[in-house]
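Please have the sequence and the model at hand while reading.

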Amino acid sequence: MTLLTVLFSTLLDLLPIVAIIFGFQYLVIRRPIKQLKQVLSGLALVLVGLALFLVGLETALFPMGTLMAEQLTSEDFLPTLAQGAERRWHDYYWVYLFAFTIGASTTIAEPALIAVSLKAGEISGGTIDPLMLRIAVALGMAFGITLGTLRIVLGLPLQWFVLAAYVLVIIQTLRSPRSIIPLAFDSGGVTTSTITVPIIAALGLGLATTIPGRDPIMDGFGMIALACLFPIISVMGYAQIAEWRERSSSRRESPPS
Amino acid sequence: MDLLAALLRQAGDSLRDLAPVVLVIAFFQLVVIRQPLPDSMALFDLAIGLLLVVLGLTLFIQGLQLGLFPVGENLAREFARKGSVGWLMLFAFALGFGTTVAEPALIAIAGKAASIMADAGQIADLDGAQARFAWELRLVVAASVGSAVMLGVLRILKGWPLHLMIIGGYLIVLLLTLQAPDAIVGIAYDAGGVTTSTITVPLVTALGVGLATAIQGRNPMLDGFGLIAFASVMPIIFVLLFGIISGGVGG
């Protein structure tokens with residue numbers, strides 16, 4: 001792919017949103033756009049930026065994720081196998097550790113999450129500590145990805161994990177403080193940034209390609225889904241614990257009646 | 001000069017996003033794996049690629065902030081205040097649809113899904129067929145986010161409880177999963193996670209917060225944010241339906 005073809009296909013990608021924004025502005029609201037020049041130069045930046053990002057994605061992010069999956073599961077790297085023995089799931093411990101580290105480190109530093117957690121601290125009036133919330137989201141995300149890799153190694157159906165997580169989310173939703181619920185659901189979305197999605201996807205597909213007996217279509221997808229679900233669980237869990245501690249400490253402070 | 005400062009700040013943010021990935025991979029390469037890179041990969045190419053990722057993302061987000069966000073947010077407020085439910089619904093759908101088509105993470109995943117499908121012989125292994133599958137998948141996901149935003153707007157107008165609707169969505173996902181061809185399930189579940197990143201979240205949140213502020217008795221914090229939650233369940237439902245209807249996939 002040359003840069004020119006990428007630029008052209010990127011133009012097509014951007015066409016709908018540009019048509020929608022300008023269409024509604026000029027045909028429905030019928031008022032000229034203020035600072036049209038600035039808007040147009042912004043659109044030019046969007047076009048070039050998206051094209052460059054997509055080229056970089058193909059040359060660096062996808063290959064890096066695939067390479068890690070290949071190297072961490074290659075026979076030279078795994079512990080040597082005794083004569084006639086079969087690979088066990090715990091032989092792949094470096095895979096799990098890698099998944100956990102990638103998940104936790106990308107999430108804890110994520111700018112969008114920092115903004116959201118500060119806002120959450122404000123709404124809660126001090127019961128939620130922004131740093132603790134970030135740790136909760138990061139742990140949830142890291143656990144989700146690690147579970148995703150374990151699932152690929154074991155070859156279990158994705159549905160079981162997702163549906164079990166759904167049940168947990170539903171139970172927690174019914175028992176959590178109401179104000180935390182939208183935030184918890186949002187934190188699931190924030191963890192998967194434009195940079196982490198390709199890396200995680202390439203890791204999952206790479207694992208499903210190299211681990212014997214796995215199939216990329218059946219086993220390779222699903223890492224992103226789990227990475228989005230578990231932060232919801234950990235954030236609601238954290239809110240429940242925070243609320244519970246608040247209640248028990250205020251009970252202790254007030255004199256017994 | 002303001003633009004330059006903003007660009008530099010944005011580059012810092014993009015770098016901060018990328019740095020953990022690079023550090024963790026470098027650590028594993030140097031300390032754990034300790035093998036040379038395969039011949040097909042040159043360190044130089046990787047470095048260039050990463051540079052393009054940071055540069056591209058920086059320009060992209062900066063351009064959004066200069067161009068699309070102010071106009072989009074203004075439109076969202078305008079429609080929220082106008083109070084014509086029909087136009088508001090149409091705008092909500094169009095906004096969700098348009099932003100999702102341009103979402104970089106979705107472009108990446110749809111392309112991957114198409115090439116995996118072709119490798120497995122689920123669709124023809126031709127560039128044209130792959131491109132068509134990727135494009136169809138993106139349109140389906142975009143339509144789902146459009147409907148999700150529309151539903152979210154309706155919820156804010158009517159004051160329906162968010163959690164009951166999410167639970168309902170989960171139940172639909174559960175039922176559809178039983179019916180859908182196995183090959184589409186993983187892609188469908190992942191589609192829920194890729195829709196909510198760079199472009200969609202800011203514009204859709206602006207619409208939600210604008211609406212919740214314009215309507216009396218609504219709390220922007222509680223009602224404004226729920227839109228994103230729908231945008232992560234609805235794509236799963238739509239892609240599963242897409243798999244069931246197009247049928248030929250897997251089975």
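The points below cover the interface between the chains, a salt bridge that crosses it, and the build of each chain.

The model is predicted. In it, 87 residues of chain A are in contact with 88 residues of chain B, and the two chains bury about 8,100 Å² between them.

**The interface of chain A and chain B**

- The size of an interface is often given as the accessible area lost when the parts come together.
- Of the roughly 8,100 Å² buried between chain A and chain B, 80% is on carbon and sulfur atoms.
- Seven residue pairs are in polar contact between chain A and chain B, counting pairs with both residues at pLDDT 80 or more.
- On the side of chain A that touches chain B, the element that gives the most is helix H2 (residues 36-73) of chain A, with 25 residues.
- That side of chain A is made up of 62 nonpolar, 18 polar and seven charged residues.

**Salt bridges**

- Over all chains, a search of the whole structure finds seven salt bridges.
- Across the interface of chain A and chain B, the rule finds two salt bridges.
- One salt bridge joins the side chains of B:Glu78 and A:Arg31, with an N to O distance of 3.0 Å.
- This pair crosses between chains: B:Glu78 belongs to helix H2 (residues 43-82) of chain B, while A:Arg31 sits in the loop between helix H1 (3-29) and H2 of chain A.

**The build of chain B**

- Chain B contains 10 helices and zero strands.
- The C-alpha atoms of chain B fill a box of roughly 65 × 55 × 35 Å along the principal axes.
- Helix H5 (residues 127-158) of chain B has 32 residues, and the distance from its first C-alpha to its last is 46 Å, close to the 46 Å expected at 1.5 Å a residue.
- After H5(B) comes B:Gly159, which has a positive phi near 70°.

**Annotated regions of chain B**

- An unreviewed UniProt entry annotates "transmembrane region" at residues 18-37, 43-64, 85-110, 164-189, 195-215 and 227-249 of chain B.
- Residues 18-37 of chain B are 80% helix and 0% strand, and their end C-alpha atoms lie 20 Å apart.
- Residues 164-189 of chain B are 92% helix and 0% strand, and their end C-alpha atoms lie 20 Å apart.

**Annotated regions of chain A**

- For chain A, the feature "transmembrane region" is placed by UniProt (unreviewed entry) at residues 6-28, 40-62, 93-116, 128-146, 152-171, 183-208 and 220-242.
- Residues 40-62 of chain A are 100% helix and 0% strand, with the end C-alpha atoms 31 Å apart.
- Residues 183-208 of chain A are 81% helix and 0% strand, with the end C-alpha atoms 33 Å apart.

How values were computed
Residues are numbered from 1 along each chain as its sequence is written. Chains are lettered from A and ligands numbered from 1 in the order in which they are written. Side-chain values use heavy atoms; hydrogens and water are left out. Contact means heavy atoms within 4.5 Å. Buried area is the accessible area (1.4 Å probe) that two parts lose on being put together, summed over both. A salt bridge is a side-chain nitrogen of Lys or Arg within 4 Å of a carboxyl oxygen of Asp or Glu. A polar contact is a pair of N or O atoms within 3.5 Å; within protein, one must be able to donate a hydrogen and the other to accept it, and residues adjacent in sequence count only if both atoms are side-chain atoms. Helices (H or I, at least four residues) and strands (E, at least two) are DSSP runs, numbered from the N terminus. Ala, Val, Leu, Ile, Met, Phe, Trp, Tyr, Cys and Pro count as nonpolar, Asp, Glu, Lys and Arg as charged, and the others, Gly among them, as polar. The expected span of a helix is 1.5 Å times one less than its number of residues. UniProt positions are given in the numbering used here, feature names are shortened, and annotations may be inferred rather than shown by experiment.
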